[in-house]
Amino acid sequence: MDIKGSVALVTGANRGIGRAFVHALIEHGAAKVYAGARDPATVTGEDLVPLRLDVTDPEDIAAAAATADDVTIVINNAGTSSGDTRLLEGPFDGARQAMEVNYYGTWAVCRAFAPILQRHGGGALVNMLSITSWTGRPDFPGYAASKAAQWSLTDSLRQGLREQGTLVVGVHAGFVDTDLSARIDEPKITAADVAEQTMQALTHGWTEVLADEPTRQLKAALSQSPQR
């Protein structure tokens with residue numbers, strides 16, 4: 001699809017990958033970008049429209065859909081980690097919150113905006129996923145499980161919205177250099193790189209972004225199941 005002249009919404013747009021998505025959309029000529037955040041005062045920039053949007057709040061989502069009823073691109077970027085939930089110890093609170101935000105939050109936004117995209121010819125729906133969509137992480141199993149669920153949702157959306165002409169893109173990456181991964185000592189890709197690869201996917205109609213080499217290697221390995 002053509003990003004130039006489009007109207008886009010980015011959730012979790014006030015920092016990290018979300019902010020990079022906003023900048024990339026503007027650089028590629030989007031006519032309007034709604035920047036969703038729980039606190040719109042944290043959204044800065046002259047070329048965007050701050051929008052209050054907590055993806056776990058049905059009233060926020062309904063209000064956002066009423067305001068941003070001209071969108072042609074929706075990027076579900078809002079996400080959270082699983083906090084102190086560990087594999088064999090710690091409370092489940094963080095894991096439940098990760099599922100609420102990453103899975104149910106994304107689903108709720110998609111439900112609200114899919115009809116709007118349909119009215120504008122189909123448009124595009126982008127879900128920010130993870131390398132953990134395809135592999136477990138015993139150090140943060142709750143987050144990995146939420147991303148696996150989000151990937152399944154993305155595949156269901158891709159099939160379910162095909163008839164209305166909506167391009168559904170899943171963006172997978174390993175560690176991205178943001179606040180969320182600040183404490184992790186592993187190689188990281190930049191948020192700007194993730195955003196630019198996503199713009200290319202939108203432009204070319206690709207349904208999947210494998211943003212870094214670890215993700216590409218893991219995806220390739222999934223089809224190489226051992227012989228039994």
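Biologist: Leaving aside neighbours within four places in sequence, which residues is Ala 195 in contact with?

Modeller: In this predicted model, Ala 195 sits in helix H5, which spans residues 191-204. Once its neighbours within four places in sequence are set aside, the residues in contact with Ala 195 are Ala 20, Phe 21 and Ala 24.

Biologist: Is Ala 195 buried or exposed?

Modeller: Here we look at the relative accessible area, and buried means under 20%. For Ala 195 that area is 1%, so Ala 195 is buried.

Biologist: Let's turn to helix H2. Which residues of H2 are exposed on the other side from the buried ones?

Modeller: Start with the buried residues of H2 (residues 58-67), which are Asp 60, Ile 61, Ala 64 and Ala 65. They lie on the same side of H2 because they cover an arc of only 130° around the axis. What covers them includes strand S3 (49-52) and helix H3 (93-119). On the other side of H2, the exposed residues are Pro 58, Glu 59 and Ala 66.

Biologist: Nice! At roughly what angle do the axes of H2 and H3 cross?

Modeller: Two packed helices are described by the angle between their axes and the distance between the axes. The axes of H2 and H3 come within 10 Å, and they cross at roughly 20°. That makes H2 roughly parallel to H3, and the crossing is right-handed. The angle you asked for is roughly 20°.

Biologist: And which residues in H3 do Ile 61, Ala 64 and Ala 65 meet?

Modeller: Those three belong to the buried residues of H2, and helix H3 is part of what covers them. Their partners in H3 are Ala 108, Val 109, Ala 112, Phe 113 and Ile 116.

Conventions: Residues are numbered from 1 along each chain as its sequence is written. This is a predicted model: local features need pLDDT of at least 70, side-chain atom pairs count only at pLDDT 80 or more; totals for chains, interfaces and linings use all residues. Side-chain values use heavy atoms; hydrogens and water are left out. Buried means under 20% relative accessible area, exposed over 50%, partly exposed in between (1.4 Å probe, protein chains only). Helices (H or I, at least four residues) and strands (E, at least two) are DSSP runs, numbered from the N terminus. The arc is that of the directions from the helix axis to the C-beta atoms. Contact means heavy atoms within 4.5 Å. Axes are lines fitted to C-alpha atoms, for helices over the stretch in contact, and angles run from 0 to 180 degrees between N-to-C directions. Angles under 35 degrees count as roughly parallel, over 145 as roughly antiparallel, 65 to 115 as roughly perpendicular and the rest as oblique. A crossing is left-handed if the near helix is turned anticlockwise from the far one by less than a right angle, and right-handed if clockwise.
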